[in-house]
Each structure stands twice: as C-alpha cells, then as structure tokens.
Amino acid sequence: MDQNRTPWWRDAVVYEIYVRSFADASGDGVGDLPGVTSRLPYLADLGVDAIWLTPFNRSPMADGGYDVADYRAVDPLFGSMSDFDALVAAAHEHGLRVVVDIVPNHSSSQHAWFQEALRGRHRDRYIFRDHTNNWVSVFGGPAWTQVDDGQWYLHMFAPEQPDFNWRNPEVQDAFLDILRFWLDRNIDGFRIDVAMGLFKAEGLPDTDPGFTASSPIWSQPEVHDVYREWRKIVDTYPHEPALIGEVWTDSAHDLAAYVRPDELHQSFNFAWLEAPWAAASFRKVIDDTLAAVPAPTWVLSNHDVVRHPTRYAEGADPARGLVRGNAALLAMLALPGSVYLYQGEELGLHEVKDIPPEARQDPIFLRTKGEVPGRDGCRVPLPWSGDTAPYGFGPGGSWLPQPAEWADLTAERQTSDPASTLSFYRRALATRRSLGGTLPDTIAWLDSPTDALFFARGKLICAINCGDEPVDLPPHEQVLISNGRLDGDILPPDTAAWLLTE
Ligand code: GLC
C-alpha cells in the first residue's frame, strides 16, 4: 500500500441504500439486490464513490433485517447470493465501492444459536440470567424476555433480537469468520451496527435508562479489543476495506476512541446530524470533530432519523427546510473527511408523516403502541418515475404507501430540470470531485456575522447563512456553486456558497 496516497474511504461520498426501499426488481413491493443493480448507473451519475447496503442477510424481518438469522445467506426477499455477487461486480465496474452492514450486537431469535439456547444448550452465547435488571430496550419496554424454563434473556432492541455475549470467545471467532466470508466476496467495507454495544459491564448493574457514554450498557473498554482483531483481518486484504462504526457517544472525544490506526477507520458523526439549524451549533460540532477525530465523517440523514429537510423545517415551512438542507449539504461537502448521504435526500424528500397506523412496520411504533411514530417515515420507497404510486419503485406496489406529492419528485422528473434538488446534488458532488485532492485537511475560520459561518479550506471558502438577514460574502475571485440565487455579493438567508480565492 502506498503510504502517501489517501485511502479511498478518507474522503469518499458514501450513499446509504436502505435496500427494502430503494428499488424492487421482483415486484413483491420490497426493494431487492437486483433492484439496486439496475439503478447503479443513476448512482454513478449522481457522483457518489461508494454505496452502503443495509442488511440483506436471511432474516425474519422483525426489525427490517437488523435481526439476522444467518450471517452468510442472502434473504430470498432480497435475492440470491449470485445476485449479490453480480451487484458487487457491477458496482465495481461503475467505479463504486460496496460497504455492507454487519450486525454483531445481536442476532435474530431465529438464528440457529438462539434456537439451541432456547432448548437449553449453549446459552452462554447470549445473555441469559435468572433475574433481570432495570435496563430498558432502545425500542421501548423492558430489555428482558422470559423463556419457558423461567430464565430471562437480554435484548437491547426487540425481543426478536437477543444480544450476543461477547465475553464468549466462540462469538468473537464466529464474527471473524463472517468478516472473512464477505471480504472474500470482494466487499470494500463494513458498516458496524450498534458498534459501541457489544460488551455490557460485568455484573449487569442497574442504570439510568438512555444512551450515555458512562452507562454500563454502552462503550465498555473491551469493545476496542474486538475492533483491533477486526482491523488485523481487514488489513490483510490489499484493496483497503474499511470499518465504519455506528457509534453513538456523548462527545467527539469519546467517538475518537474508536477511530485509531489499529481500530475502526471511521465512525458516523451523529453530532452533526443532531445539530439544530444554527451557526453556533454547526461551528461547535465542526470544531469538536476536527479537534478530536482523525478521520472525520459527516452525515445528515439515515434510515433511523427524521429526514433533515423536515428537521430543519421545524418552526418554518417545509420548502425552507429543504433549502436549508441543501445549504447544510454544501457545508459538509466542503469539510475535510467523508460524507454519508441517505437515499432520497438527493430528491429532496421530506419525512412522510401521515403513514396510517396499520401500514407502519417499525418495531418502535409497535412496541410503544404508537406513542413513538418510529422510523417508517424516512423509509418510504423511492419515487423513480411516472405519475402514480409506486412511481417506478417496482412492477408491484410498495411496502409503505408513498405520498401523492411525490409525483413531482421522481428521479425521472428531476433529472433534466436544472433547478431540481437532484441536479443540485449532482452539481455539488461534481464540484467537490473536481477539487479532489487539492484541498488541505484543515480549515480556518474567517470573520463572519454571528448567524453565518465562513471557513477556508485552502483556496476554497464555504459561506453559510443560518440567520434571517442577508450577509455580505467574504472577498473572493469566483463563486463555484451555491444552493440559491446570490444577490451580487450578498448571501441570502438559508443559503451556502463555495467561493474560490485564487
Ligand atoms: C441500528 C440500526 C437500526 C436498528 C438497530 C438495531 O441502530 O441502524 O436501524 O434498528 O441498530 O439493530
């Protein structure tokens, strides 16, 4: 490996494909791997560098596939292993890397090991106890379920997702084999689900519920030894596969503990996604991240959170939320590091809020008896073409109903409209690519009005106006791109621009 060359993941734009909702080739209303393959030209045109596929392993789908019954099999709902191999080969032909999800914190209750455990054998692969503690499931309700003989097992998510016991070397070894299995199929990286969750504090002490770094449930020190082992394995593959952790922490400092030369290559930077639309909050996340994390990443949306145009529209109208989203996109694309996009954001999709209760499938909705709407609203199948649902998603229907307004937002409708969100995303990604490799990994803040941020990265300046008043742009030679009309040298509210200084 050439030590001076930037590894691919370091500044990649990675597009998350929530496979169930991307494109359906089989016509059963659920997206699948051949559907993904059929849309690779679209993704290559969009200008991303890699795709991340959410789980497609054999699963009873109690949590949309994050409940894996066989880590080495493709669920027939999504296709076959040869469909997977064909997808990887076609993606590589299009110059796209392929990252796959791996779910090590828990399996499905249908996994052969858990079925054995239910029969009273090898229970120490999971966390069985005679008594419970006060832990609560992330999805609502208790984190313990009782089995027929009176013991309880731990599940930090749904009861159909029993947590593995990572203190058992058998579990550790099984995952090393699973990593090799997929690496040998030529994948380019793993997105590690609930990466901070594998170990629970010895003795399982009671806790205050919630995600806090100091909790006995998350981020126990032993988890780092696991990723050191994983890193040794991926490093034996010459094509630089990457390990990307889904790590929720309270601070950039805690996040950085996972991103080390002998551990994970990257972690998602959820602080960026959680930051409200405000210059001060963006600046704090940027400063904290760049100070602490050696390989920064940026993400605004994924399959677990309310889509960012909807979040940014809080207290404002939806159209304004979308404009702000496009400005935030320019800000994150200008920062050093890599960027994770979520399918449909390039079409300007909002969260779908009016899914009828009987159509909802997220276990969060079901377990909270509808009190928490859950994540179906960001998982509605994509609109590709046509005027009526399922908008080219597939020859059948779509597993969640799509809104009527999406007729105006199909990829087909947007593709030739220079004013569309899709065209803007393509321009932004192409502009970023054209600067590729020429920008330093550091930024310098420039003076700006309070509600705006101006930062320079070498010859590039990014200016974003999060306030309600127009501001003057900083001195520059040329405007490369902006997400709205500039009025001479004035940057209107909700707008960002990239400027060149030389
Ligand atoms: C992660 C996934 C989420 C899933 C959960 C349990 O947070 O992103 O979709 O429900 O893990 O596997």
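**Buried sites, chain dimensions and backbone geometry**

Cys-462 has a relative accessible area of 1% and is therefore buried (buried means under 20% relative accessible area, exposed over 50%, partly exposed in between; 1.4 Å probe, protein chains only). The structure is a predicted model, in which local features need pLDDT of at least 70 and side-chain atom pairs count only at pLDDT 80 or more, while totals for chains, interfaces and linings use all residues. Residues are numbered from 1 along each chain as its sequence is written, and side-chain values use heavy atoms, with hydrogens and water left out.

Cys-462 takes part in no disulfide, and the nearest cysteine sulfur, that of Cys-466, is 9.8 Å away. A disulfide is taken here as a pair of cysteine sulfur atoms within 2.5 Å, and by this rule the count comes to 0. Cys-378 is likewise buried, because its relative accessibility is 1%.

The protein chain contains 14 helices and 20 strands, assigned as DSSP runs numbered from the N terminus (helices: H or I, at least four residues; strands: E, at least two). For 502 residues, a compact globule would have a radius of gyration near 23 Å, and the 23 Å of the protein chain therefore agrees with that expectation (taken over C-alpha atoms; the globule rule is 2.2 Å times the number of residues to the power 0.38). Along the principal axes, the C-alpha atoms fill a box of roughly 75 × 50 × 45 Å. Of the 502 residues, 58% count as buried. Contact means heavy atoms within 4.5 Å; among contacts between residues at least 6 apart in sequence, 65% join residues at least 24 apart. The accessible surface comes to about 19300 Å², of which 51% belongs to carbon and sulfur atoms (Shrake-Rupley method with a 1.4 Å probe; for residues, only the protein chains shown count as cover).

The loop between β9 (189-192) and α6 (223-234) holds Asp-193, and Ala-195 is found in the loop between β9 and α6 as well. Asp-193 is buried because its relative accessible area is 5%. Apart from neighbours within four places in sequence, the contacts of Asp-193 include Tyr-66, Asp-101, His-106 and Glu-246. Ala-195 is buried at 0% relative accessibility. With neighbours within four places in sequence again set aside, Ala-195 is in contact with residues including Val-223, Tyr-227, Glu-246 and Tyr-258.

Thr-431 belongs to helix α14 (residues 421-435) and is buried, with a relative accessible area of 14%. Beyond neighbours within four places in sequence, Thr-431 is in contact with Leu-480, Ile-481 and Trp-498.

Most residues other than glycine have a negative phi, and most peptide bonds are trans. The bond joining Ala-389 and Pro-390 is cis, with omega about 5 degrees, and Pro-390 lies in the loop between α12 (363-367) and α13 (411-415). Tyr-391, found in the loop between α12 and α13, has a positive phi of about 50 degrees although not a glycine; at 3% relative accessibility, Tyr-391 is buried. Ser-219, in the loop between β9 and α6, also has a positive phi, near 50 degrees. Ser-219 is partly exposed, because its relative accessible area is 22%.
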